[in-house]
Amino acid sequence: MAPSRRWAVVIGVNQCGYDVQLPALRYAESDAEAVCGVLLDEQIGTFDDGDVTLYTGANARWRDVKARLRELALDSTPSDVLLVYFAGHTLVPEWSSQLDAYLVTADLDAEALRHEPDNGLRMTFLKRDVFDVFEGTSFLILDCCHAGLYKDSHLRHVEAMQAYRKPVDRHSALLACPRGAPARESEEHRHGLLTHHLLRALRGEAGDGGRVSFMQMVNFVMEQALQPEPVPLLGTWGPTTALVQPPVSRHDRRSLGAPANPGATRPCKNPLDDHASSITQMLGRVFRTDARLGRRSHQSDSAERVEIIRYALDAGSVAVVDLSGEVIRVVSATDRFNKEELRPLLELTAADAAHSPNAIPGQIVTNDTGRRLLCVPLPHEEDRTVRLVVVDPALALLDMGEPLAVMLRSIWESDPLDDPLQAEMQVLTALRSTFGRLPMTLYQHAFSLYQKLIGSMTMVFQPVVELDPRPSGVSIHSYEALARRRVDEARAPVAALQMAHEWGDRFIIERDALLLDNAIRSYAEADAESAVQGTRPLSVNVAVRSLLSDSYISQVGNTLAEANLTPRIVTLEISEQDAIQPGPGERWPQKPLAYFHRRLTSLARELRINFAVDDFGVGYSSLARMAELPLTQIKVDRAVLHHPLAVRELELVVQVARYACDLGHAPSARPVIVEGFDDEAPVTLKQLHDLGIHHVQGHFFGDITSTSLRPLDPELQARIATLVRGEVHDERQAVAAGGGLRGGGPAVRGRP
C-alpha cells in the first residue's frame with residue numbers, strides 16, 4: 001500500500017475583496033493560523049511540514065487556492081486524507097439562485113462574478129471538483145456566515161447549495177451555522193466562536209487520552225450549545241480519523257488505525273448503504289481509470305487481474321494462493337509479493353480457512369507488525385482452498401467490508417480488460433444478488449450500464465428450415481433473431497441476458513425493448529439487401545414480464561412502424577423458462593393462465609402480431625400452457641431430442657398442436673419447430689417428418705447464422721431432402737461435406 005499522505009489547506013481572510021460591501025473581520029486570519037499551528041504541532045499534530053498550505057490576508061487569492069485544491073484532488077489515492085478549513089466571509093450574489101455561495105478571498109471581485117462566475121472560490125467547486133474527485137478521506141470546516149446553506153433531511157443526507165448534492169461517504173464537514181444564519185466572533189476569546197471551541201477540542205478537551213478524531217471534535221463543539229447551532233455532516237470515516245493525538249513517533253502515528261486484538265481475524269461487515277461512493281470510486285479505478293495499466297501481452301490473464309486489483313485497492317501487493325495441504329503455493333502474484341515475509345499471516349489464514357472454509361465471504365488478518373491481509377475465497381475445484389490475498393490495502397476501501405469481498409471475487413471471475421462493460425455489470429449484479437438491493441445511485445448507474453451492454457450487442461439471424469422429401473421443397477420458412485456480444489461468437493451471451501432477472505422487471509423490460517428494436521431494425525436492413533424472394537417471418541424472444549408491460553408493447557408498435565415491417569410477420573417467442581404468475585405485490589383477477597391468455601389475445605388483436613412458446617421441454621413447460629394460450633407455433637427445446645422418450649414426447653407435442661384444428665376451432669395445426677438440431681441428435685430428420693414436424697432450426701447444415709439473409713445452397717437442399725427420405729443412414733457423413741447458405745456476409749457457428 002502506498003504511504004498515507006495527509007494534506008491540509010487552511011484559509012483565513014479578514015479583509016473582503018474588491019468593493020465587497022461587508023465589514024472587515026478581526027480574527028479570521030488568526031483563526032487560520034491557530035488551526036494550522038495545531039495541525040503541525042510537534043507534540044500532537046498529525047500533519048507534516050510542507051503538507052499544510054496556509055493562505056491568509058492578501059495571500060489568500062482564489063486562483064492559488066483553487067489550483068492547490070485541484071492539484072491535491074487529482075493526485076490523491078484512497079489512502080490519503082485532505083482537510084480544508086476556511087474562516088472569513090461568504091458572499092451570495094443577488095443574481096444567483098441562492099443555492100450557491102462564494103468564500104470571500106482577498107481578491108474576490110463581486111462585480112466581475114456576474115460575467116465570470118467561476119472567478120472565485122465557490123462551494124460548488126469544493127464539492128464537484130475537489131471532494132467528489134478526491135479518492136481518500138476528506139474533511140471541511142467552515143467558520144463563516146451562511147456556512148450551512150443547505151437542506152437538512154433527517155440529519156442523514158445533506159443537500160447543500162449543490163455543494164452537498166449527494167452524500168459522499170468518506171467526506172465529513174462541520175459548518176458554523178445553518179443557512180441564512182451568521183457566524184460570530186468573540187472579543188473575549190479573540191477567535192470565531194466555532195474555531196475557539198474547535199481549538200479547545202483539538203488541544204485535549206475532547207477525545208480519549210489526547211487522541212481526537214474528527215467526530216470527537218464535532219461532538220465536543222456541538223455540546224457547547226452555540227447559537228446559532230453548528231451543522232455537522234459525518235461520513236463513515238470521520239469517527240476514526242485522528243486530527244491530533246498524544247506524542248508518538250511518526251511511524252507509530254501511521255499505524256494507529258490498526259484493528260484491535262493483533263493476531264486475530266474478524267469477519268467483514270455488511271454496511272452497503274454507507275459505502276456507495278467508495279464502491280463507485282473503486283469501480284472507476286478498475287474499469288475507467290486511464291492510468292491504471294495498459295494490457296501487456298506477455299502477461300497471463302490471472303497476472304493482469306491481480307495487478308488490476310492491486311491498483312484498485314492501492315495495495316502493496318496481491319496474490320492468489322493455494323492453501324491446500326501443508327505447502328502454501330502462490331498461483332499468481334504481483335511484484336513485491338513476498339511469501340516468506342508474510343508466512344505467519346498466511347499460515348493464520350490457512351488455519352482459519354481449514355476450520356471454516358465457507359463460513360464468511362472474506363476476512364482481515366492482522367498481527368502486531370501492523371501488516372494487514374484481506375483474504376477472499378475464490379471458486380476452487382474439488383478440495384482445494386484458494387484465496388485472493390491483498391496485502392496492506394487502503395484503509396478507506398478496506399472499511400467497506402463484505403461488499404469489497406464480493407466485488408473482488410466478481411472482478412476475479414470477470415474479464416475487466418477484454419470486456420469491461422460486461423465485467424462491471426457482473427460486479428454490480430454480484431452486489432445485487434448478495435445484498436438484495438443497492439443504494440439508488442448505484443442502482444441507476446447499473447441501469448445505465450445495462451442499457452449500454454444490451455445496446456452494444458449485435459443481431460444475427462438463424463433460419464428455420466422447412467423439411468420436404470423433395471429438394472425443391474426444402475426452403476427457409478422463417479428466421480429467429482439472436483443476440484451476440486460479437487458477430488463471430490458462437491453462443492448467446494446468456495450471462496449478460498440473465499442478469500436482468502437479478503434486477504427485476506425494469507431491467508427485463510428494458511432488455512427486451514432494446515433487443516426488439518435492434519432485431520427489427522437489423523432485420524429490415526438485411527431483408528432489403530437479401531437475395532431471398534419475399535420477406536420471411538421473424539421471431540424475437542420476449543419475457544413474460546415484458547408482455548405485461550404497456551411500455552414494451554408501445555415499443556413494439558413504434559419500432560414496427562418506423563422499420564416499415566408488416567406486423568403479421570413478427571412472432572414474439574415466450575420462453576418456457578419464465579413463470580406465468582403475478583409479481584411481488586401483484587394480484588391478478590383470474591388464474592394465471594387465463595389472465596395471460598386474455599392479455600395475449602388483446603395484444604394480438606391490437607398489434608396484429610403472433611405469439612409462440614419457446615424452449616418447450618425446460619423450465620415451466622406444461623401441456624396446459626401450450627394448449628390454452630393463443631399461440632401460432634410451438635418451439636421444442638433441443639433437450640427433448642436427447643431424452644430417452646424423445647419420440648413419444650414429440651408425438652404428444654404434435655397432438656397438442658393439432659388439438660384446436662381437430663376440434664374445428666382453427667383452420668390448420670400450429671407448426672412445431674424443433675430447435676438445436678445437429679448431427680449429434682439421436683432423432684433423425686425422417687422421424688421428425690414422419691411425426692408431422694416439418695420445421696427444424698439448428699446447426700446440422702453448416703454456417704447458417706449470419707447478419708445477412710441468404711438462400712439455401714441447392715446441394716444442401718438435396719442433402720436435407722435425402723435425410724428426410726431416410727435414404728442416408730449416417731447423417732453425420734451426409735453433412736460433413738459442408739455446404740450451407742449462398743452469398744457473403746459473416747456467419748456464426750454454434751448453438752443460440
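Student: At what angle do helix 9 and helix 12 pack, and how far apart are their axes?

Tutor: Please keep in mind that this is a predicted model. In general, two packed helices are described by the angle between their axes and the distance between the axes. Here, helix 9 (residues 301-312) and helix 12 (residues 402-413) pack at about 150 degrees, and their axes lie 10 Å apart. Angles over 145 degrees count as roughly antiparallel, and helix 9 and helix 12 are therefore roughly antiparallel to each other.

Student: Which residues make that contact?

Tutor: Helix 9 contributes S302, R305, V306 and I309, while helix 12 contributes L408, I411 and W412. By class, these residues of the contact of helix 9 with helix 12 divide into 5 nonpolar, 1 polar and 1 charged.

Student: Are helix 8 and helix 12 roughly parallel or antiparallel?

Tutor: The axes of helix 8 (residues 276-287) and helix 12 cross at roughly 20 degrees and come within 12 Å, and the two helices are therefore roughly parallel to each other. The contact is formed by I279, M282, L283 and V286 of helix 8 together with P403, L404, M407, L408 and I411 of helix 12, and by class it has 9 nonpolar, no polar and no charged residues.

Student: How many cavities of 30 Å³ or more does the structure hold, and what lines the largest cavity?

Tutor: The structure holds 6 such cavities, and the largest has a volume of about 70 Å³. Its lining includes D143, R184 and Q227, and the lining residues divide into 7 nonpolar, 1 polar and 2 charged.

Technical notes:
Residues numbered from 1 in each chain as written. Predicted model: local features only at pLDDT ≥ 70, side-chain atom pairs only at ≥ 80, totals over all residues. Heavy atoms only, no water. Axes fitted to C-alpha atoms, helices over the stretch in contact; angles between N-to-C directions. Helix = DSSP H or I, 4+ residues; strand = E, 2+ residues; numbered from the N terminus. Parallel < 35°, antiparallel > 145°, perpendicular 65-115°, else oblique. Contact = heavy atoms within 4.5 Å. Nonpolar A, V, L, I, M, F, W, Y, C, P; charged D, E, K, R; others polar. 1 Å grid on protein atoms, 1.4 Å probe; cavity = no way out; pocket = protein on both sides within 12 Å on 5 of 7 lines; lining within 4 Å. Points joined across faces, edges and corners; volume = space filled by probe spheres on them.
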